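Trainee: I have this one open on my screen, could you walk me through it?
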Amino acid sequence: MVANLFVLVAHKDGHLDDSALELAAAAAELFPGSSPVALTAGNGPSLDAACQEAAGAFAEVWKFADAALAYPNAEALRPLLTKALPAGAVVLLPHSTLGMDLGPGLSVKLGATYAPDLIGGAPSDGTTLTAVRQEFNGQVCAHVACDISKGAVLTVRSGAYRPAAAGAAGRIVDHSADAQGITPRRRFVEVIQAEAGDIDITREDVIVSVGRGIGEQENLPLVEELAEAMGAALACSRPIVDAKWLEKARQVGTSGQTVKPKVYLALGISGSFQHLGGIKGNPFMIAVNKNPKAPIFQAASVGVVADLLELVPALTELVKKGR
Ligand SMILES: Cc1cc2nc3c(=O)[nH]c(=O)nc-3n(C[C@H](O)[C@H](O)[C@H](O)COP(=O)(O)OP(=O)(O)OC[C@H]3O[C@@H](n4cnc5c(N)ncnc54)[C@H](O)[C@@H]3O)c2cc1C
């Protein structure tokens with residue numbers, strides 16, 4: 001248990017980011033018995049809406065309203081949180097672009113331990129935390145002993161924790177005074193929306209996703225045929241987009257689309273955190289990979305060790321026969 005536990009709540013257009021409830025779950029598991037405070041920064045009505053939503057998941061929400069905070073900006077948040085947080089604070093951040101930008105400098109300013117990209121950890125005794133991180137693209141799990149007695153800044157990988165159930169009736173405390181006088185040099189210019197492709201995989205319930213294991217572009221029709229027979233959308237990992245075999249709108253991952261299907265069939269995908277970071281909502285995931293040690297098997301509900309070039313045509317036949 002730690003006395004001063006905080007969670008940075010990301011939000012957009014008045015709605016909490018998926019990471020908010022995942023961080024609430026991480027806080028409960030890593031620091032049982034503690035009561036995390038949500039840190040919610042922004043400006044205007046969208047901030048108010050986000051604070052209300054956060055109060056449904058956290059017992060206390062600190063609201064920071066200021067024009068300088070209207071858009072996520074680590075350069076503005078760093079001095080703000082350095083000023084607002086008590087000594088010894090333990091802060092959980094999403095391992096997002098914002099969290100990665102904010103975390104290292106914030107830990108230096110707070111004189112706190114920094115541990116990035118956690119995928120788990122043992123419950124802390126309040127002075128130490130054994131955090132779990134992946135190394136070598138998921139091939140190795142490192143258990144890192146962290147001294148948190150003087151505070152800590154921890155970033156948590158997207159999707160590492162199942163979102164906590166909301167149901168609190170938290171109170172919102174206005175800490176906007178701490179934001180006064182913050183003048184970041186980095187300024188917001190504009191939002192450029194990604195071009196809409198011919199398909200929106202983010203709304204699909206059943207996704208067949210293909211990775212580099214497909215080998216050749218000439219093999220893609222095998223997977224397209226399976227997806228069509230299943231009535232599923234076709235998606236892919238980034239190397240397939242980089243090779244221009246499929247369009248960007250079909251890429252799942254941190255630099256692609258975030259999907260929330262009920263079923264996700266991953267064919268020849270190794271399971272990098274950048275890919276898995278784009279799969280939300282805890283779908284039933286079937287992974288096919290010829291390497292029994294592929295990291296995707298750790299995330300999959302069902303794993304099939306097989307050559308997809310042999311399995312997929314047979315599977316398509318079965319689906320077509322309605323079996
Ligand atoms: C900043 C950044 C952002 C990124 N964003 C994304 C992103 O949004 N989405 C994304 O996907 N990646 C992203 N990546 C890339 C990511 O790190 C991985 O390189 C990528 O996900 C790997 O794709 P893959 O699993 O298809 O290929 P690989 O890692 O090469 O895996 C191929 C897999 O196929 C298996 N295989 C090979 N042949 C067969 C066969 N015949 N049958 C069955 N299995 C077979 C292999 O065992 C292997 O596990 C990003 C990287 C960076 C640095």
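Mentor: Before we start, note that the domain bounds come from an automatic or database domain assignment, and that this is a predicted model. With that said, the assignment gives domain 1 as 5–179 and domain 2 as 201–320.

Trainee: How far apart are the C-alpha centres of domain 1 and domain 2?
Mentor: Those centres lie 31 Å apart, and the contact draws eight residues from domain 1 and nine residues from domain 2.

Trainee: And which classes of residue are on the side of domain 1 that touches domain 2?
Mentor: That side has no nonpolar residues, and divides into five polar and three charged.

Trainee: Switching to the sheet, what is the strand order?
Mentor: It is an open sheet of nine strands with mixed pairing, in the order β9-β8-β7-β10-β6-β1-β4-β5-β11. Because β9 (140–147) and β11 (171–174) stand at the edges with a single partner strand each, one side of each is left without a neighbour in the sheet.

Trainee: Which way do β1 and β6 run, and how many bridges join them?
Mentor: Strands β1 (residues 5–8) and β6 (residues 90–94) run parallel and are joined by three bridges, with Val-7 having Leu-92 as its bridge partner in β6.

Trainee: What does helix α2 touch on the sheet?
Mentor: Helix α2 (residues 44–54) packs against β4 (37–42), β5 (60–65) and β11, and its direction makes about 170 degrees with that of β4.

Trainee: Now the ligand, how many residues surround it?
Mentor: There are 27 residues around the ligand, and the closest are Gly-211, Gly-213, Ser-237, Gly-253 and Ser-270. By class, that shell has seven nonpolar, 16 polar and four charged residues.

Definitions and conventions
Residues are numbered from 1 along each chain as its sequence is written. This is a predicted model: local features need pLDDT of at least 70, side-chain atom pairs count only at pLDDT 80 or more; totals for chains, interfaces and linings use all residues. Two residues are in contact if their C-beta atoms, placed from the backbone, lie within 7 Å. Ala, Val, Leu, Ile, Met, Phe, Trp, Tyr, Cys and Pro count as nonpolar, Asp, Glu, Lys and Arg as charged, and the others, Gly among them, as polar. A residue is near a molecule or strand if its C-beta atom, placed from the backbone, lies within 6 Å of it. Two strands pair if DSSP finds at least two bridges between them. Helices (H or I, at least four residues) and strands (E, at least two) are DSSP runs, numbered from the N terminus. Axes are lines fitted to C-alpha atoms, for helices over the stretch in contact, and angles run from 0 to 180 degrees between N-to-C directions.
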